[in-house]
Amino acid sequence: MRIVLLGPTGQVGWELQRSLAVLGEVIALGRQGPHAGDFADPDSVARSVRALRPDVIVNAAAHTAVDKAEAEPERARLLNATTPALLAREARALSALLVHYSTDYVFDGSGSAARSEDAATAPLSVYGRTKLEGEQAIAASGCRHLIFRTSWVYAARGGNFAKTMLRLAQERERLTVIDDQWGAPTGADLIADVTAHAIRHAGHSPQDLGLYHLVASGETCWHAYAQFVIETARALRSELPLRVSEIAPVPTTAFPTPARRPLNSRLDTSRLQSRFGLRLPHWQQGVVRMLQETL
Ligand SMILES: NC(=O)c1ccc[n+]([C@@H]2O[C@H](COP(=O)([O-])OP(=O)(O)OC[C@H]3O[C@@H](n4cnc5c(N)ncnc54)[C@H](OP(=O)(O)O)[C@@H]3O)[C@@H](O)[C@H]2O)c1
């Protein structure tokens, strides 16, 4: 099996380089390199993919800077919708499978129930809107596809919310963290492992292609997530100079940002778990592991 991986340097892309390796030959297309992979030039990305004739295209590249996207909607659209649409066209022409990632930000986050894949979308931001356009273009293309909507992604490699909290906890005695946005922190390693499993599964069960919610089990808010990270760090590394003595809960309105974010990012993953025969672990399990690796 020949797999072309786009966005290999990102959180999910990096873990995909590991998890896809057992399935076949993985050709990583970054922004630089022998094959053009800059999503700001959709035609050249499409030409590169066509020349490589993959069996599977995995797209982990995206414009993920949610606040910046508000100021550059055309660039966000190019990366999140226009280039994915051309990838879908190439996938269809090659009879290749296209794997793509989307986000809880396609929803408006009203209410408190976990949303299924069929729930009505209503993005609040340019990022959410352009990611939804990307999903819709892929679905409309008629190519074989798997789209995974995920949320609150972290990875051991690079910066993440947990690492920021640990840095601040060493610098300050008091932290304020949002307590009215709910979701599930999801490890890039989990997303990559499920992707590899799903590609394998789709090979013999084409009826299971389509759109899925893929997040860790359980739920939390950013405030409880921060508390958990700091408590776990204290337990794992008692010598860490954590000065923080108070973590105060605040509403989203305390941190005004250019992009509006959904308050309820709970996603129902029962479709993925039942169709692919998988069990999604609790979010705390992956966060503890990431802290064990990075502390
Ligand atoms: N992060 C989250 O919390 C989150 C939540 C929900 C859904 N998702 C979705 O999950 C997927 C993976 O996200 P992630 O967190 O792994 O993203 P990430 O760490 O921000 O990585 C983004 C990737 O896109 C690449 N990229 C950016 N601009 C590009 C361009 N012009 N041309 C080619 N590549 C470009 C980056 O390459 P460079 O290294 O060269 O910049 C990087 O490889 C995305 O579809 C995202 O929308 C993420």
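A backbone N or O atom of Phe39 lies 2.8 Å from a nitrogen atom of the ligand. This is a predicted model: local features need pLDDT of at least 70, side-chain atom pairs count only at pLDDT 80 or more, and totals for chains, interfaces and linings use all residues. Residues are numbered from 1 along each chain as its sequence is written, and side-chain values use heavy atoms, without hydrogens and water.

| Residue | Atom of the residue | Ligand atom | Distance |
|---|---|---|---|
| Arg31 | polar side-chain atom | oxygen | 2.5 Å |
| Lys131 | side-chain N or O atom | oxygen | 2.7 Å |

Taken alone, the ligand exposes 910 Å², and the protein buries 81% of that. These areas come from the Shrake-Rupley method with a 1.4 Å probe.

What is the make-up of the shell around the ligand by class? It has 11 nonpolar, 10 polar and four charged residues. Strand 4 gives the largest share, three residues. Helix 1 (11-19), helix 4 (73-94), strand 4 (97-103) and helix 5 (126-141) each give two or more. Helices (H or I, at least four residues) and strands (E, at least two) are DSSP runs, numbered from the N terminus.

Now the second largest pocket. Its volume is about 200 Å³. Which helix supplies the largest share of its lining? Helix 10 does, with four residues. Helix 7 (188-204) and helix 10 (283-294) each supply at least two. Among the lining residues are Tyr154, Asp189, Trp283 and Arg289. By class, the lining divides into five nonpolar, four polar and three charged residues.

How values were computed. Polar contact = N/O pair within 3.5 Å; in protein donor to acceptor, adjacent residues only side chain to side chain. Nonpolar A, V, L, I, M, F, W, Y, C, P; charged D, E, K, R; others polar. 1 Å grid on protein atoms, 1.4 Å probe; cavity = no way out; pocket = protein on both sides within 12 Å on 5 of 7 lines; lining within 4 Å. Points joined across faces, edges and corners; volume = space filled by probe spheres on them.
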